[in-house]
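Here is a brief report on a structure. Please look at the sequence and the coordinates before reading on.

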Amino acid sequence: MLSAILVMAGIGLVLGAVLGWASIKYRVEDDPLVEKIDAILPQTQCGQCGFPGCKPYAEAIARGEADINKCPPGGEDGVKRLAELLGVDPKPLGEGLEPKPKSVAVIDDNTCIGCTLCIQACPVDAIVGAAKQLHVIVADQCTGCELCLPPCPVDCIHMEVVKEGVATWKWRYPVHAIRRVA
Amino acid sequence: MENYLLILIATVFVNNIVMSKILGLCPFMGVSRKLETAIGMGAATTFVLTLASGVSNLIDTYLLGADLGYLRTLSFIVVIAGIVGFTEMFIKKTSPVLFRVLGIYLPLITTNCAVLGIPLLNVMEQHNFMESLFFGMGGALGFTLVLILFAAMRERLEAAEVPKPFKGVSIAMVTAGLMSLAFMGFAGLIK
């Protein structure tokens, strides 16, 4: 029993010494700032910032090559924390970075009072109905702009996410970054 | 000398650790998606495995002996974990790119059953120090060889037209099975 304890303790001691020596000998100087930025980023590795992952984005921020407002999954809260860490002013998320799945408005049949307010608000005439009649939204026409939500006095309109399917799938628009020229 | 050569050939081809002993399947399926990663993983595993076989043989002969045999698995795991930790630091310093590519699979060498299996097989077959070293190196080289071959095949499978139910891991499993069958052709080369 005693020899077993001694053997295991000895192995542990020797390995600990070797690892301790190695950690000094092979020390890698990580930029502490990168680590701190990386800790704030949500680690979704989604690439919406234009970098191949959270770590590269963190490195770009640390080098001052990237803005802090390019991370939609992190949200405003993430931008704020980054701003605090880096001592700069927080700014709203970059344009077009707010991700919203494509959705259409749907009217709840039981609550709609037929006030026509949403019909007047709809920019694409996707809502049909008349005064004191139930209104219906033509899903094919609806652009999901949400302009009909605020006028509804009974809050009977909600947005429903459109699932991608055979009928609704479309080619993605080619995305080009637009830059101001001189 | 001939003896060592025989051990090498036997472990690389005939008793290949992945193909005939079915050990170490986790990195075999996990890191074989790209050729470069497979090579890096193979190199790291070879280093760890060779060192681990040697050290564990020394521990078994000089520290444990006959009466402390029950500590074998425990002490081998501790030693392997230590060597993997060392390798991790070493690779992080010398090749940050490889370190990032290997990612989680590098610390996972610790729990790779091939890495624990080979030292235990060494004990079972009563190899001496040099034999253990060659057995470990051969096993690791066999692992590397199979990993690289498999990665090359999977890179081609990416481009191939695979029926939908077989896409991804399923076709990889089928391929691995066929490869294992092919490796059975080496059986009987060395007794």
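## Model

This is a predicted model.

## Chain B against chain A

The contact between the chains involves 14 residues of chain B and 13 residues of chain A. On the chain B side, α3 (35-64) and α4 (72-94) each supply at least two residues. The most comes from α4(B), with 10 residues.

By residue type, the side of chain B that touches chain A has 9 nonpolar, 3 polar and 2 charged residues.

## Helices α7 and α8 of chain B

Helix α7 (residues 113-124) and helix α8 (residues 129-159) of chain B have axes that come within 10 Å. These axes cross at roughly 145°. The crossing of α7(B) and α8(B) is right-handed.

From α7(B), the contact uses A114(B), I118(B) and N122(B). They meet S132(B), F135(B), G136(B), G139(B) and F143(B) in α8(B). The residues of this contact divide into 4 nonpolar, 4 polar and no charged.

## G114 of chain A

G114(A) sits in the loop between β1 (103-107) and α5 (117-121) of chain A. Is G114(A) buried, exposed or partly exposed? G114(A) is partly exposed, because 13 other C-beta atoms lie within 10 Å, whereas a buried residue needs 20 or more and an exposed one has 12 or fewer.

Leaving out residues up to four places away in sequence, G114(A) touches G129(A), A131(A), K132(A), Q133(A), L134(A) and H135(A). G114(A) and G129(A) are 15 residues apart along the chain, and their C-alpha atoms are separated by 7.4 Å.

Note on methods
Residues numbered from 1 in each chain as written. Chains lettered and ligands numbered in written order. Predicted model: local features only at pLDDT ≥ 70, side-chain atom pairs only at ≥ 80, totals over all residues. Contact = placed C-beta atoms within 7 Å. Helix = DSSP H or I, 4+ residues; strand = E, 2+ residues; numbered from the N terminus. Nonpolar A, V, L, I, M, F, W, Y, C, P; charged D, E, K, R; others polar. Axes fitted to C-alpha atoms, helices over the stretch in contact; angles between N-to-C directions. Left-handed = near helix turned anticlockwise from the far one by under 90°.
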